[in-house]
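Below are a few exercises, each followed by a solution worked out in steps.

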Amino acid sequence: MTRVTKFLKPYVLKMFFSNKYVSAQVVHSPTSTTVSAASTQEKLLRKELPNTADIAAAAKIGEILAERLKLKDIPGVAFELGRGERYHGKRKALVDSLRENGVKLI
């Protein structure tokens, strides 16, 4: 990101998918601090979800992250695909879940 883009899109969504877990966080890019995060590694979610790495788990993480962002009064986040990443599967489920729960994606 360029310097100007950092201030135009201060909150950036970062996602990580492993074979066992799904995690997402929102970073305030000018200060490089994590504003909010959600992961299937959290104890309450591990007990609730039958599988912590599938599309349903990614959608649940999107819901939880949206609730946490609303509590912190963050209306929207920037989302960019990395090189070689496609908008499908777990990534699509997480982003669509954020949209459905009222978070604007820039």
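**Exercise 1. A salt bridge**

Which side chain meets that of Arg68 in a salt bridge?

*Solution.* Before we start, note that this is a predicted model, where local features need pLDDT of at least 70, side-chain atom pairs count only at pLDDT 80 or more, and totals for chains, interfaces and linings use all residues. Residues are numbered from 1 along each chain as its sequence is written, and side-chain values use heavy atoms, with hydrogens and water left out.

Step 1: the rule. A salt bridge here is a side-chain nitrogen of Lys or Arg within 4 Å of a carboxyl oxygen of Asp or Glu.

Step 2: the partner. Arg68 pairs with Glu42, at 3.2 Å from N to O.

Step 3: where the two sit. Arg68 belongs to helix α3, while Glu42 lies in the loop between β3 and α2 (43-48), so this pair, 26 residues apart, links distant parts of the chain. Helices (H or I, at least four residues) and strands (E, at least two) are DSSP runs, numbered from the N terminus.

Step 4: accessibility. Buried means under 20% relative accessible area, exposed over 50%, and partly exposed in between (1.4 Å probe, protein chains only). Arg68 is partly exposed because its relative accessible area is 28%, and Glu42 is partly exposed as well, at 28%.

**Exercise 2. The other salt bridges**

How many salt bridges does the rule give, by count? Track down some of them.

*Solution.* Step 1: the count comes to six.

Step 1: Lys60 and Glu48. Their closest N and O atoms are 3.4 Å apart. This pair also links distant parts of the chain, with Lys60 in helix α3 and Glu48 in helix α2, twelve residues apart. Lys60 has a relative accessible area of 23%, so it counts as partly exposed; Glu48 is partly exposed too, at 48%.

Step 2: the network. Salt bridges link Glu48, Lys60 and Glu63 together.

Step 3: Glu85 and Arg91. Here the N to O distance is 3.6 Å. Glu85 is partly exposed at 35%.

**Exercise 3. Arg91**

Is Arg91 buried or exposed, and which residues does Arg91 touch?

*Solution.* Step 1: find Arg91 in helix α4.

Step 1: check the accessibility. With a relative accessible area of 16%, Arg91 is buried, because that falls under the 20% cut-off.

Step 2: list the neighbours. Contact means heavy atoms within 4.5 Å. Leaving aside residues up to four places away in sequence, Arg91 touches Met15, Phe17, Phe79, Leu81, Glu85 and Arg86.

**Exercise 4. The sheet**

What is the order of the strands in the open sheet?

*Solution.* Step 1: pairing. Two strands pair if DSSP finds at least two bridges between them. Strand β1 (residues 11-17) runs antiparallel to β2, with seven bridges, and six bridges join β2 to strand β3 (residues 33-39), again antiparallel.

Step 1: the order. The sheet of three strands reads β1-β2-β3. β1 and β3 are the edge strands, each pairing on one side only. On average, neighbouring strands are turned by 20 degrees against each other, direction ignored.

Step 2: cross-strand partners. Ala24 in β2 has Met15 opposite, and its bridge partner in β3 is Ala38. Val26 stands opposite Ser36 in β3.

Step 3: the turns. β1 and β2 make a hairpin with four residues between them. The hairpin of β2 and β3 has four residues between its strands, and Ser32 there takes a positive phi near 55 degrees.

Note on methods:
Axes fitted to C-alpha atoms, helices over the stretch in contact; angles between N-to-C directions.
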